[in-house]
Amino acid sequence: MDLWSPLVLLLLIGRDGLCQQQEVCIKSQINSCDDCIGSGPYCAWCQQLNFTKAGLAEAARCDTRAQLTAMGCREIVSPDNTMDIVEERPLSESVNQQEPVQMSPQRISLKLRPGRPSTFRVSFKRAEGYPVDLYYLMDLSNSMKDDLKNVKELGKDLFTALRKNTKYAQIGFGAFVDKIVLPFTNTNKDKLQRPCDQSDQHCQAAFGYRHVLSMTPKEEVFRNTVAKQFISGNLDSPEGSLDAMMQAAVCGDGIGWRNSSTRLIVLTTDDGFHMAGDGKLAGILEPNDGQCHMDNNLYSKSSEMDYPSVGQLAVALAKNNIQPIFAVTKNVEDVYRELSNMIPKSEVGVLSADSKNVVQLIDTAYKSLSSKVTVTHDSLPDRVTVVYTPICEHADRTDDSRGVCDKVHEGQEISFNVTVTADTCMDETSLTIRPLGIKDTLTVTLSTSCECQCHVPEEKLHPHCGGNGSITCGTCKCGDGFVGQFCECDVGGKDDSSLRAACQMQNGTECEGRGDCVCGRCQCHSSESGANYYGKFCECDNEHCEKFQNKQCGGNGDCACGKCKCYMGYEGSACQCKVSEEGCRTPNGTVCYGRGSCRCNRCQCKEGYQRPQCHRCLGCPDPCQTKLNCIECMGFASGPFRKNCSESCSQKVYHEMVDKFSISEKECLQKDSEGCWIRFKLDQLVGEDNYRAEIMRQRDCPEPPSITAIIAGSITAVAIIGILLLMLIKLLIFMKDRKEFKKFENEKKKSKWAEADNPLFQNATTTVANPTFTGE
């Protein structure tokens with residue numbers, strides 16, 4: 001259990017970067033030497049016999065070394081931080097050695113006091129001509145067609161640029177497009193084989209990431225291999241850049257990374273990148289596992305596993321000491337600068353439209369990366385902090401919190417002060433400190449000093465303990481059946497727990513931490529001022545009462561067991577007030593209107609009533625409603641209290657029937673049990689529930705309704721409603737008949753038979769001529 005809270009003040013920063021701190025011991029519930037050592041970084045324990053005086057707790061043995069020495073202690077237990085440099089190989093001047101050393105020391109063992117920082121120095125020097133492995137990772141989507149033509153001619157220039165810095169340079173090559181699933185790539189069978197435009201004579205099938213060439217120092221091999229590469233294509237703008245970088249980082253054997261080299265990945269693209277979560281668009285739900293999945297130089301899990309997150313990629317790059325250089329076009333520069341901010345030891349450069357400046361860009365980025373040294377650590381154990389202080393002679397010092405030196409020249413030695421602090425006691429653990437992008441590491445093994453290494457006397461039953469116990473760090477450890485500071489108490493038939501329970505109050509603290517439990521009774525200690533604690537559980541003292549004007553009990557009383565007992569004529573929790581009622585007197589001569597008490601010449605009102613004199617009660621129920629039943633029974637002999645009016649109301653309300661109000665309070669208008677309106681006013685007297693009432697003699701009672709008018713009105717209303725319904729029905733029937741007649745008229749007009757001639761009734765015709773009768 002952590003029983004201390006750090007209280008250290010920064011006093012001086014020395015020339016070697018170490019911080020000297022004021023030594024303070026914060027003590028809490030100290031029962032043994034181990035408790036003391038674990039309670040604070042500068043607590044020490046006195047193991048000298050008879051160091052504590054009679055009545056003084058053994059916890060007084062715990063203090064700073066300086067305080068214990070001043071108190072006369074000659075046997076002090078206070079473990080210090082210790083540091084052991086386990087391995088310290090010297091820094092290398094060049095890479096002629098098989099494994100150049102660029103950081104020293106390599107292994108350190110620390111044993112720390114919790115809360116006490118320990119500082120050591122780490123030196124770094126970049127070896128001249130340190131090997132460089134550069135992996136050129138290129139976007140082969142259709143928009144990079146012109147850039148590919150120029151990259152095929154870059155082999156000679158790339159090697160020339162790298163060999164200006166080292167003769168041990170290697171270059172590899174890889175390419176990427178995107179996952180071959182919808183909606184990222186057209187999955188039509190023909191389009192998968194030829195995803196480019198029809199005008200492109202050379203086009204390779206769609207792919208996610210392909211490793212093309214492992215690390216090689218041969219310019220011709222690089223040029224011939226890259227010359228065989230052709231453009232491919234996909235559908236959307238963002239590319240599978242993070243997929244490709246993750247595989248290039250974790251597939252070390254396939255890529256050909258050397259163990260001792262500066263590892264660079266140069267990513268060239270003209271578009272953004274997909275990241276974790278985008279795979280859901282294609283139904284890919286399995287998160288990226290950050291492992292190598294290469295089959296015949298192709299990323300085999302491209303269509304089964306989501307893109308990595310930026311955090312995953314940053315961890316993989318740092319773990320494998322790889323520094324990325326983002327060579328991108330102007331349109332996506334801002335995107336990759338944001339990405340670079342989240343990936344330590346990375347650079348961004350702007351490509352020209354056809355990538356002709358890529359060699360210059362890589363050279364500039366490499367120099368920037370190699371001139372900045374950043375020292376950091378892997379994941380820290382719990383409750384351990386590490387602070388870096390760079391010592392950058394003849395170089396720019398930046399960002400002290402991360403341990404960064406900038407503009408460091410090759411072969412220049414720099415150093416960092418590393419301060420490690422363990423906040424609590426812990427088992428042995430370790431952490432790794434490394435420069436970003438460099439293979440060299442420093443392993444720090446941590447353990448804590450939380451146990452006392454005290455001198456143990458030979459006597460098992462020491463005379464100091466009455467022959468009933470042994471000595472442990474200057475205090476008695478009693479044998480069975482004995483308790484007490486000097487094992488002087490024979491518990492007899494009782495066990496130790498029951499005796500100690502008799503010394504505990506409800507909170508379970510033995511003698512309130514102010515005494516020793518001896519034979520079931522508390523023997524109280526003396527306070528720091530020399531006064532004694534007292535009480536059954538040592539719960540009382542006369543030094544911690546409330547103060548007024550920086551005087552205990554205001555100088556007007558005595559402190560007794562934490563509470564002030566005031567002298568005659570004074571009152572208050574700190575005896576700060578003179579006994580007086582002058583400030584509590586009301587205009588009618590009462591004290592707080594009988595609705596509060598006068599304390600410290602101020603009214604302490606009962607709940608709801610307001611200061612200064614408890615005149616009004618803003619939170620109380622409206623008396624117009626609460627006193628209505630009494631007003632009704634006393635003024636008009638009606639209502640719920642009419643049978644026992646004198647018993648229920650005579651002590652609460654004193655009434656008077658009036659024709660005109662004389663009280664200035666607000667008027668109450670309430671409806672009584674008979675439906676009449678009563679007008680009255682209430683004036684609150686001294687006390688909480690005493691009122692004087694003025695009641696108007698005349699009530700406003702409404703006239704009863706006319707039964708005859710109600711019956712006649714009802715009959716008339718029924719008759720009118722009946723007539724209106726009949727008229728409505730008649731109107732609906734008339735409208736229907738009219739509609740039917742109009743329909744008949746329309747049908748009649750459409751008919752033609754009425755105007756045709758019936759052939760059965762045509763006039764007869766003959767062709768016989770009428771004979772002419774001639775006379776003979």
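User: Start with cysteine 545 and cysteine 559. What do they form, and how far apart are the sulfur atoms?

Analyst: Cysteine 545 and cysteine 559 form a disulfide, with 2.1 Å between their sulfur atoms. A disulfide here is a pair of cysteine sulfur atoms within 2.5 Å. This is a predicted model: local features need pLDDT of at least 70, side-chain atom pairs count only at pLDDT 80 or more, and totals for chains, interfaces and linings use all residues. Residues are numbered from 1 along each chain as its sequence is written, and side-chain values use heavy atoms, with hydrogens and water left out.

User: Is the link of cysteine 545 and cysteine 559 left-handed or right-handed?

Analyst: Right-handed, with 80° about the S-S bond. Cysteine 545 sits in the loop between β30 and β31, and cysteine 559 in strand β33 (residues 557–560), so the pair ties together parts that are 14 residues apart in sequence. Helices (H or I, at least four residues) and strands (E, at least two) are DSSP runs, numbered from the N terminus.

User: Are cysteine 545 and cysteine 559 buried or exposed?

Analyst: Both are buried. Buried means under 20% relative accessible area, exposed over 50%, and partly exposed in between (1.4 Å probe, protein chains only).

User: How many disulfides does the structure hold?

Analyst: The structure holds 26. One of them joins cysteine 524 and cysteine 538, whose sulfur atoms are 2.1 Å apart. This pair links distant parts of the chain, 14 residues apart: cysteine 524 is in strand β30 (residues 521–524) and cysteine 538 in the loop between β30 and β31 (547–548). The link of cysteine 524 and cysteine 538 is left-handed, with -95° about the S-S bond.

User: What is the relative accessible area of cysteine 524? And of cysteine 538?

Analyst: Cysteine 524 is partly exposed, at 23%. Cysteine 538 is buried, at 0%.

User: What about cysteine 577 and cysteine 600?

Analyst: They form a disulfide too, with sulfur atoms 1.9 Å apart. The torsion about the S-S bond is about 95°, so this disulfide is right-handed. Cysteine 577 lies in strand β36 (residues 577–578) and cysteine 600 in the loop between β37 (596–599) and β38 (602–605), so the pair ties together parts that are 23 residues apart in sequence. Cysteine 577 is buried, with a relative accessible area of 13%. Cysteine 600 is partly exposed, at 22%.

User: New topic. Where does asparagine 321 lie?

Analyst: In the loop between α9 (310–319) and β16 (322–328). Asparagine 321 is buried, with a relative accessible area of 10%.

User: What does asparagine 321 touch?

Analyst: Arg263, Arg434, Gly437, Ile438 and Lys439, not counting residues up to four places away in sequence. Contact means heavy atoms within 4.5 Å.

User: Now the largest pocket. How much space lies in it?

Analyst: About 1700 Å³. On a 1 Å grid over the protein atoms alone, a pocket is an open set of points where a 1.4 Å probe fits, with protein on both sides within 12 Å along at least five of seven lines; lining residues have an atom within 4 Å of a point.

User: Which residues lie nearest its centre?

Analyst: Ile30, Ala57, Glu58, Ala59 and Asp516, out of 45 lining residues. β26 gives the most to the lining, with four residues.

Key
Points joined across faces, edges and corners; volume = space filled by probe spheres on them.
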